[in-house]
Amino acid sequence: LAAVKGRLAGLDVEMIEGESLPQLISRIKHELTQAKAEAEKAANAGDNAEELKQELHNLEEHLANTEKELATAQKSRAEADTKLASAKTKVEERESGVPENLRSLEALQRALADKKKMRDSLQKALEEAEKAVAAGDKALAVAETEEQEAKRYAEETDKTRDKRLREFLATVAKAKFPDVKAYEAAKRREHELNVLKEFIEDYDGQLHGANARVERAQEAAKGVAEPDLEALELEANGLYKASIDTVEIRAQLEKVAEDKRKLIGVLHGLLQEMAELEEQYGVLARIADVANGKKPNKLGMNFETFILASMLDKVAEAATRRLHVMSKGRYSLRRTLERRTARSAGGLGLEVFDMYTGRERSVTTLSGGEGFMASLSLALGLADVVQAYAGGIHLDTMFIDEGFGALDPESLDLALDTLITLQRDSGRIVGVISHVPELEERIDARLKIEMTDTGSSTRFIVG
């Protein structure tokens with residue numbers, strides 16, 4: 001009992017199943033006390049010694065089992081401590097990856113709330129942008145529909161005009177006129193037709209009077225010696241023929257007059273219809289003439305050229321900034337409105353302003369080196385403008401093929417400084433294709449191509 005009490009006093013760990021060691025010791029001590037009491041009773045009684053020994057043996061076995069359970073509990077606790085330390089290490093590692101201002105739950109919740117507000121705001125802006133795009137697409141569709149209707153109306157107008165013209169030409173041909181000029185020459189005004197009508201009526205009156213006079217003469221000639229009948233017959237035949245011809249001429253003139261009255265009516269209708277069509281077509285024709293660079297457009301600039309000219313202004317402005325540096329502030333590029341010929345359109349020409357002379361002159365007057373610097377400036381300016389209008393697309397690479405051999409050393413240095421500054425500021429890769437030896441001293445990374453007997457070889461040089 002003393003040895004068991006010593007081992008139990010040295011243990012200070014918690015037992016599994018919710019029973020602590022002090023409770024276990026207290027319980028065992030209580031049981032031992034009860035056992036002592038029972039042993040005393042047995043000793044006093046003298047008849048329960050064997051039973052008490054057996055009970056003591058059972059208590060010793062129970063204590064051994066308790067020690068085994070205690071060892072198992074200690075092992076489980078050690079494993080739990082190891083897992084706890086590993087968990088703490090993982091927590092510390094994960095906390096190191098979290099910003100200090102977000103390690104607390106309140107700060108994290110506030111940050112999440114702010115991000116949620118930002119997300120809602122962006123979502124709302126996206127919806128508004130989508131609505132604006134939808135409205136723009138709808139407006140574009142309406143404009144395209146109107147444009148198609150205008151084109152269709154113009155085509156129908158042209159077809160109607162051509163149809164009326166064909167009908168007019170057919171009517172002129174039906175009237176047995178060789179062409180329109182003959183018809184125009186044969187046209188008579190109303191008073192001229194009245195004069196012809198009066199002439200015919202006078203002729204008919206005179207013919208009737210002549211016939212009456214013939215009858216009276218015949219009546220009066222009764223009993224008179226017979227005249228020369230052959231001569232009279234000839235004369236009568238002539239008069240009869242003349243009267244027949246006159247009747248035929250009158251019929252022809254009346255038919256011509258009737259046909260011309262019909263033609264005049266048709267022409268009046270056609271002229272009125274053509275006037276209405278020309279009035280409707282005039283607005284479209286004027287818009288088309290202006291858009292196509294015809295009169296009254298003095299520059300001969302069509303709509304496409306106008307758009308290109310506005311873009312060219314921006315390119316020239318961007319190119320001038322580069323050319324100012326390479327030419328030491330001497331040259332500036334400007335767009336000119338002059339027309340080279342009467343048929344060519346204006347607005348897409350370029351001229352250079354020379355600060356040394358204070359005058360503009362044609363870009364063709366630049367020397368080879370100056371022309372190369374101007375061309376390089378235009379290429380860089382065009383790249384800047386295209387990149388600005390390309391919806392965020394970045395031009396990462398630019399290649400320049402030859403041209404450096406036409407530069408003097410000072411101009412070559414200025415051109416290279418411009419390209420190096422462009423590469424440094426914009427991150428753009430600038431490739432130079434050239435055989436000028438001075439470029440090897442300024443450009444670190446080079447792809448050198450050498451010609452051999454068996455073909456060309458390449459090697460990359462850095463530094």
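Asp-354 is buried, with a relative accessible area of 2%, where buried denotes under 20% relative accessible area, exposed over 50% and partly exposed the range in between (1.4 Å probe, protein chains only). The model is a predicted one, in which local features require pLDDT of at least 70 and side-chain atom pairs are counted only at pLDDT 80 or more, whereas totals for chains, interfaces and linings use all residues. Residues are numbered from 1 along each chain as its sequence is written, and side-chain values rest on heavy atoms, with hydrogens and water left out.

The side chain of Asp-354 meets that of Arg-330 in a salt bridge with an N to O distance of 2.9 Å, a salt bridge being a side-chain nitrogen of Lys or Arg within 4 Å of a carboxyl oxygen of Asp or Glu. Because Asp-354 belongs to strand E2 (residues 349–354) and Arg-330 to the loop between helix H8 (303–326) and strand E1 (331–336), the pair ties together parts that are 24 residues apart in sequence; helices (H or I, at least four residues) and strands (E, at least two) are DSSP runs, numbered from the N terminus.

In total, the structure holds 21 salt bridges. Within helix H7 (residues 229–291), Glu-254 and Arg-250 lie 4 residues apart, about one turn of the helix, and they form a salt bridge whose closest N and O atoms are 3.1 Å apart. Glu-254 is partly exposed, with a relative accessible area of 44%, and Arg-250 is likewise partly exposed, at 31%. A further salt bridge, with 3.9 Å between the closest N and O atoms, joins Glu-450 to Lys-448. Salt bridges that share partners also link Glu-149, Arg-152 and Glu-156 into one network.

The largest pocket has a volume of about 890 Å³. On a 1 Å grid over the protein atoms alone, a pocket is an open set of points where a 1.4 Å probe fits, with protein on both sides within 12 Å along at least five of seven lines, and lining residues have an atom within 4 Å of a point; grid points are joined across faces, edges and corners, and the volume is the space filled by probe spheres set on them. Of the 24 residues lining this pocket, Val-432, Ile-443, Ala-445, Arg-446 and Leu-447 are the closest to its centre. Two or more lining residues come from each of helix H10 (409–426), strand E5 (429–433), helix H11 (438–442) and strand E6 (445–452). By class, the lining comprises 15 nonpolar, 4 polar and 5 charged residues, with Ala, Val, Leu, Ile, Met, Phe, Trp, Tyr, Cys and Pro taken as nonpolar, Asp, Glu, Lys and Arg as charged, and the others, Gly among them, as polar.

Leu-447, which lies in strand E6, counts as exposed at 56% relative accessibility. Together with Ile-449, Phe-460 and Val-462, Leu-447 forms a nonpolar patch on the surface, with about 480 Å² of accessible area. Such a patch consists of residues with over 30% relative accessible area and no salt bridge, nonpolar side chains (Val, Leu, Ile, Met, Phe, Trp, Tyr) being joined within 5 Å, and the areas come from the Shrake-Rupley method with a 1.4 Å probe.

Conventions. Patches are made of residues with over 30% relative accessible area and no salt bridge: like charges are joined within 9 Å, nonpolar side chains (Val, Leu, Ile, Met, Phe, Trp, Tyr) within 5 Å.
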